[in-house]
Amino acid sequence: MKCKFFLLDIGEDYTQVLPTVRIWGIDDSSDRIAIVAQQIKPYFFVVPKDQDDLASSALDQIRKALPNALDITTQTKKLLGQQVQALKVTCSSSTQMVESGRITRKMNIGEVFEDDIRLPVKYMMDFHLAPCAWQECDVSPFKIHNVQADATYQADSEIRASRQEKQTKLRMLAFSLLVVGQKGSARAIKDPIRAVAVATDGGKSKSIAAEKDDRELIKWFVQEVKSNDPDVIVGFNSNRLAWPYFMERSKQNQIKLTLGRDSSEPHTSLYGHTSIAGRANLDLADFATGITELKVKSLERLASYFKVGRGVQAESIDDLQSSALWSEESGRIRLKHNNEAQSKVSLELGKLTLTYASQLSTITGLPLDQVMSAAVGFRVDSYLIRRANSLGELIPSQKEQPFYPYRGAIVFEPKPGIHESVVVLDFASMYPNLMRKYNLSPDTLIRQGEDYKIDQIFVIPEVNHKFRKSPDGLYRLALSDLIEERAVIKRELAKPSIADSRFRELTEREKAVKVVTNACYGYAGWLGARWYAREVAESATALGRDTITRTVTKAKEVGLHVIYGDTDSIFVENDEDKVNKLLAWVNETLELEIRPERQYSRILFTEAMKRYAGLLQDGSLDVVGLEVVRGDWSEIAKQVQEEVLVSVLRDRSTEEAVKKVILTVRKLREGRVPILDLTIRKSLAKSVQEYSVRTPHVEVAKKLIKEGWELGAGDQVAYVIIKGPGKLYQKAESFTGVTAKQVDVDYYIQNQIKPAAMRILGGLGVSEKQLDA
DNA sequence: AAGGGCGCACTTTTGA
DNA sequence: TCAAAAGTGCGC
């Protein structure tokens with residue numbers, strides 16, 4: 001029988017004798033199904049060094065070394081665009097393939113390819129299957145051990161991509177875990193789970209709490225997952241916190257955490273995320289890390305960023321606070337309520353972000369389960385693997401590479417002071433377009449000793465790298481697809497007849513395409529990239545420098561004042577005729593698109609690059625790079641700076657600005673500033689032992705760790721500077737428990753408020769003394 | 001089981 | 001006292 005289904009997840013099925021891929025899907029009557037596909041054989045390639053003597057020498061050697069190989073054949077493949085004769089070694093199992101690949105590498109008779117690509121990935125790339133998209137194939141009923149689904153099948157034909165029939169509604173379950181340490185952070189080894197909250201599609205939310213024993217609570221959660229049978233499970237920080245905690249607690253209690261659709265337990269998988277068979281596990285914290293505007297990556301902030309959960313009031317309560325709250329009855333109630341609220345907010349956020357995640361999954365080819373926890377580099381990697389494979393290219397493995405830095409972009413010195421009526425001209429996707437235009441790619445790069453005809457190559461200015469004009473390189477092909485798809489989406493979005501659901505889907509798809517497009521340059525220069533090519537990244541920045549400098553020169557030529565520029569943008573006076581002249585020139589001569597973006601009615605620059613503030617057309621204040629937008633300054637300093645900027649730009653009054661500063665200083669001296677506004681947050685870039693310098697945030701972290709709190713790389717430390725002798729790092733204390741009296745007011749005036757205010761006022765003729773009045 | 005690139009400003013510590 | 005180094009977080 002025919003089966004059409006939406007591909008939810010895919011994995012290798014190790015319970016079968018033959019190499020088997022198990023696919024989880026939802027068919028066109030909304031049945032949850034599992035399909036096993038067994039007509040597949042793991043394989044890898046060897047490209048012998050001696051290309052002329054394939055059959056006799058290399059083939060024989062491999063045959064001898066791998067007596068268990070099912071088949072060894074020669075096949076023509078491409079390696080960086082060049083045709084090569086490769087030996088395809090087919091194996092009887094994935095483990096045998098990995099082992100055979102290892103043996104072959106050791107033989108040193110040639111380069112080995114694709115032994116590092118897992119069976120499900122190979123399966124998807126060879127048959128052009130995309131996750132979160134529709135597929136079809138012939139199936140027949142087939143019992144799969146332990147799998148509970150509406151139907152289980154085996155595939156009787158190849159699975160093919162199919163036209164999307166309709167939107168698939170995924171069942172979602174959100175959960176939140178409450179854990180509290182007795183002293184310090186909660187430890188799964190001894191501290192039981194205090195409460196679990198679950199929220200499901202109908203808006204229902206339930207929770208269960210336990211004071212001492214958490215056995216019932218874990219069982220309850222397993223039951224909830226079973227009865228709701230979600231396709232997607234959502235949590236916040238679940239990969240780092242909830243799942244490991246659940247797993248350890250169930251081990252302690254000797255309860256099986258049978259959450260998978262095959263009754264298996266969660267297990268840690270690729271990219272540090274937790275995998276649950278047949279369901280997609282989404283961690284909202286992964287969304288938060290991708291949103292650069294979000295300074296504090298908490299559920300609370302994420303919710304307010306997406307404007308959800310307004311009535312629900314889910315607070316982000318950290319370890320220290322919850323420990324304190326837990327000691328009192330009222331605090332316990334608050335924590336439990338909050339836990340429930342968090343599950344509700346998580347559900348809302350999950351629904352809101354699912355479309356984007358699905359689109360990114362389809363585009364990159366990474367299963368929904370992994371796509372959000374995979375770093376940008378791996379998303380591009382996955383995208384290129386599929387693109388390259390369709391071209392018959394061999395997929396290189398990740399290699400150890402020496403690190404050579406290369407020059408990046410140009411930043412122009414700003415003209416300090418306040419400017420009226422300024423427009424920002426931005427190149428549209430500059431690096432991707434340059435990479436495409438000049439065919440920058442590892443497979444078009446002319447390497448040392450290679451022949452070329454000068455009229456058939458691009459020579460990159462400054463760095464002198466050379467690229468063939470034809471044929472199209474991998475990056476050009478990939479970027480062309482992406483850039484064109486984006487244009488198509490934009491055209492469709494502009495149609496008035498478009499349906500709401502389609503509009504939403506395309507909007508999210510456009511975002512996802514953009515993310516992959518813009519990551520390609522960084523990917524080319526990333527040591528971990530399969531298609532790492534420093535020359536490509538270096539050429540992109542060299543062309544970028546050339547482009548922007550020529551644009552600045554031309555701008556001056558047409559009589560435009562250039563106030564500032566950074567990488568792919570220039571700030572010029574808003575003179576329509578002159579600007580249009582420049583735009584036309586860029587279009588015709590550089591064959592790139594430059595667009596007028598933001599307009600500032602007034603904008604202020606200091607002498608520093610990458611730092612400015614201006615009033616946009618709607619009157620709002622736009623601050624770039626300055627303390628206001630930095631997460632590592634106290635709120636009080638940031639507020640003062642913002643007030644100063646408003647006074648100076650909107651009210652055109654430095655006197656007003658000075659008054660504001662003086663007022664704040666007074667407030668601080670009188671102890672009327674809340675401690676929270678005095679906390680300074682800094683991240684730990686590594687574990688505390690690894691630091692060679694004693695800094696305030698590291699010293700505070702060390703103290704907290706001694707008290708039993710868990711703090712490591714990536715965690716933020718919030719501290720306050722208190723009165724006392726010695727170095728700054730000796731005067732830093734964790735913000736909890738510090739009273740207004742202890743605060744080192746002078747530090748905040750001299751090292752926070754004044755610098756932040758003077759950064760702006762210094763260039764406007766105000767002296768530091770004036771702030772003391 | 002991992003976490004694209006380089007350019008820049010700025011604070012604090014370090015060590016001569 | 002001062003420059004260099006370490007460290008963080010930003011812009012694009």
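**DNA contacts and aromatic rings**

Around DNA strand C there are 20 residues, and the closest are Asp568, Gly625, Arg630, Tyr691 and His697. Of the atoms of DNA strand C that come within 4 Å of the protein, 89% belong to sugar and phosphate. A residue is near a strand here if one of its heavy atoms lies within 4 Å of it.

Before I go on, the conventions. This is a predicted model, in which local features need pLDDT of at least 70 and side-chain atom pairs count only at pLDDT 80 or more, while totals for chains, interfaces and linings use all residues. Residues are numbered from 1 along each chain as its sequence is written, chains are lettered from A and ligands numbered from 1 in the order in which they are written, and side-chain values use heavy atoms, with hydrogens and water left out.

By class, the surface near DNA strand C consists of 6 nonpolar, 6 polar and 8 charged residues. Nonpolar covers Ala, Val, Leu, Ile, Met, Phe, Trp, Tyr, Cys and Pro; charged covers Asp, Glu, Lys and Arg; the others, Gly among them, are polar.

The charged end of lysine 686 sits over the ring of tyrosine 691, 4.9 Å from its centre. That requires NZ of Lys or CZ of Arg within 6 Å of the ring centre and within 35 degrees of the ring normal. Lysine 88 likewise lies over the face of tyrosine 43, at 4.4 Å from the ring centre. Tyrosine 612 belongs to an aromatic cluster with Tyr564, Phe571, Tyr600 and Phe605.

The whole structure has 23 aromatic pairs. Rings of Phe, Tyr and Trp (its six-membered ring) pair if their centres lie within 6.5 Å; planes under 30 degrees apart are stacked, over 60 edge-to-face, the rest tilted. Tyrosine 123 and phenylalanine 127 are tilted, 4.9 Å centre to centre with 55° between the planes. Tryptophan 243 and phenylalanine 246 have centres 6.0 Å apart and planes at 35°, so this pair is tilted too.
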